Amino acid sequence: MRTLNALSMAITTSLLSLSLQSFAGEQPAASSLVGNTYGGLHGLYIKTDSDRLLTDNPLSDLDHASGVGAELGYRFSENTEFRLAYSHVNLVADEKMYSGPSGSSTALDLLYFPTAQNFYVLAGMNRLKLEDTKLSTDLGLGYRYYLNEKSALYLEGKTHYQLDDHHKDFTTQIGFVYFFGDTGNKAPKIINKAAPVQQPIAAKATAVAVVAAPKDSDNDGVIDSQDNCTSTPSSDKVDAQGCTVFTEESKEMQLQVNFGNNKAVVDAQYYDDIKVAADFLKQYPHTDLIIKGHTSAQGSAAYNKKLSQQRADAIVEILINKFDIASDRLTAQGLGEEQLINTDNNAAAHAENRRIEAKVVVKEKVAVKR
C-alpha cells in the first residue's frame with residue numbers, strides 16, 4: 001500500500017504540473033466539441049492491491065498489470081464527456097516464479113472539465129477482471145494536450161475501489177483520441193490585402209442627409225411618436241407609452257371626542273381635532289362621514305340611546321355651522337351603550353365610554369417617482 005500511495009501521489013503531482021502549463025496547442029473551443037464523438041487508443045498500467053492473491057498459486061499475490069485498449073467518447077456539453085473504454089491486460093505475480101493470467105478492464109466514466117480546457121476530473125464504474133471479475137468504482141484526474149483541432153494526447157490516473165472484496169487498485173493511462181465531425185473554431189479569418197493604388201480623382205461635392213434625432217418633448221425617455229402622454233413631469237416614472245405610473249396609497253382620518261357625564265356639549269379642547277376632520281373632508285370632497293355616538297353603561301338603555309344620538313348630532317352641527325361641511329355628507333348615529341370599549345364598572349371606564357367616534361379611509365393614486 002505504501003508503494004501504491006507513493007505512485008498515486010507522483011501521478012497526481014505530474015498531472016497538476018501539466019495543467020498549470022500554458023501549451024494548449026491548436027486547442028479547439030469547447031463549444032465546437034459539443035455533440036461530437038471521438039475514438040482513441042491507449043496503454044495502461046495497473047498497480048494492484050497487495051491483498052490480491054493468485055487463485056492457482058495462493059502463495060503469491062498479484063503485483064501489477066499492463067496492457068492496451070480502445071475507447072469511444074461523446075462530448076455532451078462544454079464541460080462534460082461520457083467515455084466507454086475496454087483494455088486487455090497481462091497480470092504479473094509478485095513472486096516471479098509464478099505466471100499471472102490475462103485480464104481486462106471495461107470502464108464507463110464521466111469526464112468533467114471545470115474550465116472547459118485541458119484539465120479534467122473523472123468518475124465512473126469499472127468491470128475489472130483481475131483473476132476474478134468484480135465491479136469497482138473509479139475516481140481520477142487527467143490532462144489532455146491537443147495536437148490540433150481534432151486530435152489530442154492525454155495522461156490520467158485513476159483509483160479503483162472494488163465493492164465486494166474492498167480491494168484498492170491504481171491505474172495510470174496514456175492515450176490518443178481523435179474527434180470525428182467538424183470541431184474547428186468558428187472564428188472568422190481576417191485576410192489583409194494591400195489596397196490597390198488609385199489615381200487621384202477630382203473631389204466631388206456630396207450632399208449628406210442630416211436625420212433629426214427623434215423628439216421627446218417632455219423628456220420622459222419616450223419619443224413623441226410613441227408617447228400617449230406628452231406632458232408628464234420629468235420626475236415621474238413612466239410606462240412604455242410615456243404615461244405616469246401610479247401606485248395606490250391609503251389615507252385615513254379618525255376623530256374621537258369625549259363628553260362629560262350625562263352631557264352632549266362639546267368641550268372647546270376638541271375643536272382643533274374637529275377642524276382636522278373638516279380639512280380632510282374638504283381635501284377629499286367625494287367622501288362622507290358617519291359620526292357614531294356612545295355612552296357608558298350607567299342609566300337605562302333607552303335614555304343612553306337618546307343621549308348618544310344628541311352627542312353625534314352636536315358634532316354634525318359644529319362641522320356644518322363652524323367648518324362649512326355640507327350636511328348631506330354627514331350622518332349622526334346614536335348607539336347608546338351597545339359598543340363599550342371598557343366594560344369595567346368604575347369612573348375611569350365610564351369616562352372612556354362617553355364619546356363619539358368617526359373614521360374615514362380613502363384610496364389615493366400617487367405618481368411613482370424615478
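User: Which residues have the most contacts inside the largest nonpolar core?
Analyst: The model is a predicted one. Its largest nonpolar core holds 27 residues. At least two residues of this core come from each of β9, α3, β10, α4 and β12. Those with the most contacts inside the core are Ile291, Ile315 and Leu319.

User: Which element supplies the largest share of this core?
Analyst: Several elements contribute, among them β10 (289–294) and α4 (301–321). The largest share amounts to six residues, and its source is α4.

User: Is His294 buried or exposed?
Analyst: His294 is placed in strand β10. Its contacts, leaving aside residues up to four places away in sequence, include Ser308, Arg311, Leu335 and Asn353. Buried means under 20% relative accessible area. His294 has 1% relative accessibility, so His294 counts as buried.

User: Which strands stand at the edges of the open sheet?
Analyst: The open sheet has four strands with mixed pairing, in the order β9-β12-β10-β11. An edge strand here has a single partner, so one side is left without a neighbour in the sheet. The strands in that position are β9 and β11.

User: Over how many bridges do β9 and β12 pair?
Analyst: Within this pairing, Asn258 stands opposite Arg355 in β12. The sense of the β9 and β12 pairing is antiparallel, and the number of bridges is 13.

Definitions and conventions:
Residues are numbered from 1 along each chain as its sequence is written. This is a predicted model: local features need pLDDT of at least 70, side-chain atom pairs count only at pLDDT 80 or more; totals for chains, interfaces and linings use all residues. Side-chain values use heavy atoms; hydrogens and water are left out. A nonpolar core is a set of buried Ala, Val, Leu, Ile, Met, Phe, Trp, Tyr and Cys residues joined through side-chain atoms within 4.5 Å. Buried means under 20% relative accessible area, exposed over 50%, partly exposed in between (1.4 Å probe, protein chains only). Contact means heavy atoms within 4.5 Å. Two strands pair if DSSP finds at least two bridges between them.
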